[in-house]
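Please look through the sequence and the structure below before reading on. The briefing that follows begins with a whole chain, then turns to how the copies are arranged, and ends with single residues.

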Number of protein chains: 2
Amino acid sequence: MTSDLCLYELVLDNGCSVSPFVWRTKYALAHKGLAAKSAPVGFGDIPKVLGGTFKTVPILETPKGTIGDSWDIAERLDADFPQGPNLFGSPAERAMARFFDAWFSGEVMRRMFGIYVLDIHNAARPEDRPYFRQSREARLGQPLEAVVAKRESLLPALREALSPLRTTLSRSPFIGGKEPNYADYIALGGFLWIAAVNTLPPLAADDPLLAWLNRGLDLFGGLGRDPRLKRLAA
Amino acid sequence: MTSDLCLYELVLDNGCSVSPFVWRTKYALAHKGLAAKSAPVGFGDIPKVLGGTFKTVPILETPKGTIGDSWDIAERLDADFPQGPNLFGSPAERAMARFFDAWFSGEVMRRMFGIYVLDIHNAARPEDRPYFRQSREARLGQPLEAVVAKRESLLPALREALSPLRTTLSRSPFIGGKEPNYADYIALGGFLWIAAVNTLPPLAADDPLLAWLNRGLDLFGGLGRDPRLKRLAA
């Protein structure tokens, strides 16, 4: 049954998977012991696949239907594949992962985007770059080059924003405790997004988060390991 | 058995309970359906009770021993009183509540402290004020009056720091989902701390967090309702 799954994932010019939201789904599938075929798409392809039904990736084709949105996918995986370990052990754990997502997206990924948006552009397939530039500049209100002009000065605030993670990971090996849970996959997805493109490492060389990152990238037979990834620490 | 519990709690000159950590424990006891006698202490009393074994409140006396630290108490309540509803449904939920605490303490309560430290001083029992001033000024490196001199200018950052809560609570009535969990009690404790003392409401009148706050204060027969509390919104 697992070979009936197909995951549409966003790729760069070098073939690296780049969407932080696709990474969440890749880890979620691995957590449940599910394999999926990969359907790589570029930024400009998303409106062309599956009749343009979905505006974003991940998109997961399953025998029971096609699902977009990483949260919808995560919840459907638990519902449709109960034989694997649950992603969410309880409604409360899922609600807390939702809070974690709100924090990580708003406080961490938003800052990452402002620092790495030009790196993402430059690593995209050449045919995707005009669309990426146009859509992101419209959202940001200025040229990508202007957004990142003083990006070194934005690194301290990014590193500071990660403080609650450091506190948590000083007590337990994973955000989910002794074992990783969906919050770990959310955070790993953000760092893998940046690892795919960065020309400026986000973390200091002695950041204690690196030990957790290494544990996370090693999960599931090294799912997050790829020699094409850039260093995350200076 | 429940009448054998005694909670040492920090009180102000008007008798209001003020410690955000004691409030977590009061909500945790209520969650489990446990009643406890109250032993009110002032800031200067903590070293004098129970032989000075504990440096902070809450302290909970139980038939199985005396426990300090709100996290230790929460975990022991689940272990020693399994007949009540669990505070933590799973180790993952507990780990996520730990993350929530790291975020709330570092990003929200730290900012609250800088805005309200003089209000706390002024609301303390007169005999506690010299100790409170001396210990807090030693930690802050300046007079309390200097810490709060420009406190209005610090309100926007406090309100902004609460963004992940607003995102979460736009989807569900409580941080824990449909029902409150320990993360809700952590956050309610922080707001009750400020409600006990503030002379400058922390929230804007139209803050959507107010609906959640009202739900939270109404829990367990209005545990957080007290006519002596100040308004939390302008």
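The model is a predicted one, and the values given here for areas, angles and distances are computed from it. Of the 234 residues of chain A, 58% count as buried, where buried means under 20% relative accessible area.

**The chain as a whole**

- Chain A has 9 helices and 4 strands, and when it is followed from the N terminus on, its elements run in the order β-α-β-β-β-α-α-α-α-α-α-α-α.
- The radius of gyration of chain A is 17 Å, which is close to the 17 Å that the globule rule gives for 234 residues, so the chain is as compact as a globular protein of that length.
- Along its principal axes, the C-alpha trace of chain A spans about 50 × 45 × 30 Å.
- If one takes the contacts in chain A between residues at least 6 apart in sequence, 72% of them join residues at least 24 apart.

**How the two copies are arranged**

- Two copies of a chain are related by a rotation about an axis and a shift along it.
- Here, chain A can be laid on chain B with an RMSD of 0.0 Å by a turn of 180° and a shift of 0.0 Å along the axis, and the two copies are therefore related as by a two-fold rotation axis.
- Which residue of chain A comes closest to the rotation axis? That residue is Glu93(A), whose C-alpha atom lies at 2.5 Å from the axis.
- Of the interface residues of chain A, 100% are also interface residues in chain B, so the copies meet through the same surface.

**Backbone features to look for**

- Most residues other than glycine have a negative phi, and most peptide bonds are trans.
- In chain A, a cis peptide bond joins Val57(A) and Pro58(A), with omega at about 5°, and Pro58(A) is located in the loop between strand 2 (37-41) and strand 3 (59-62).
- In chain B, the peptide bond from Val57(B) to Pro58(B) is cis, with omega near 5°, and Pro58(B) lies in the loop between strand 2 (37-41) and strand 3 (59-62) of that chain.
- Asp69(A) is not a glycine, yet its phi is positive, near 75°; this residue sits in the loop between strand 4 (65-68) and helix 2 (70-80) of chain A.
- Asp69(A) has a relative accessible area of 36%, so it counts as partly exposed.
- Phe220(A), which is not a glycine either, has a positive phi of about 55°, and its place is in helix 9 (residues 209-222) of chain A.
- Phe220(A) has a relative accessible area of 35%, and for this reason it is partly exposed.

- Is Lys26(A) buried or exposed? Its relative accessibility is 18%, so Lys26(A) counts as buried.
- Lys26(A) belongs to helix 1 (residues 20-31) of chain A, and, when residues up to four places away in sequence are not counted, it touches Leu7(A), Glu9(A), Ser17(A) and Leu223(A).
- Tyr182(B) is found in helix 8 (residues 182-195) of chain B, and because its relative accessible area is 1%, it is buried.
- Leaving aside residues up to four places away in sequence, the residues that Tyr182(B) touches include Arg24(B), Ala28(B), Ser70(B) and Trp71(B), and among them are also Ala74(B), Leu87(B) and Phe88(B).
- Tyr182(B) and Leu154(B) are 28 residues apart along the chain, and their C-alpha atoms are separated by 28 Å.
- Gly89(B) lies in the loop between helix 2 (70-80) and helix 3 (91-123) of chain B, and with a relative accessible area of 56% this residue is exposed.
- From C-alpha to C-alpha, Gly89(B) and Phe113(B) are 31 Å apart in space, while in sequence they are 24 residues apart.

Technical notes:
Residues numbered from 1 in each chain as written. Chains lettered and ligands numbered in written order. Predicted model: local features only at pLDDT ≥ 70, side-chain atom pairs only at ≥ 80, totals over all residues. Heavy atoms only, no water. Helix = DSSP H or I, 4+ residues; strand = E, 2+ residues; numbered from the N terminus. Buried < 20%, exposed > 50% of the residue type's maximum accessible area, 1.4 Å probe, protein only. Least-squares fit on C-alpha atoms with pLDDT ≥ 70 in both. Contact = heavy atoms within 4.5 Å. Rg over C-alpha atoms; globule rule 2.2 N^0.38 Å.
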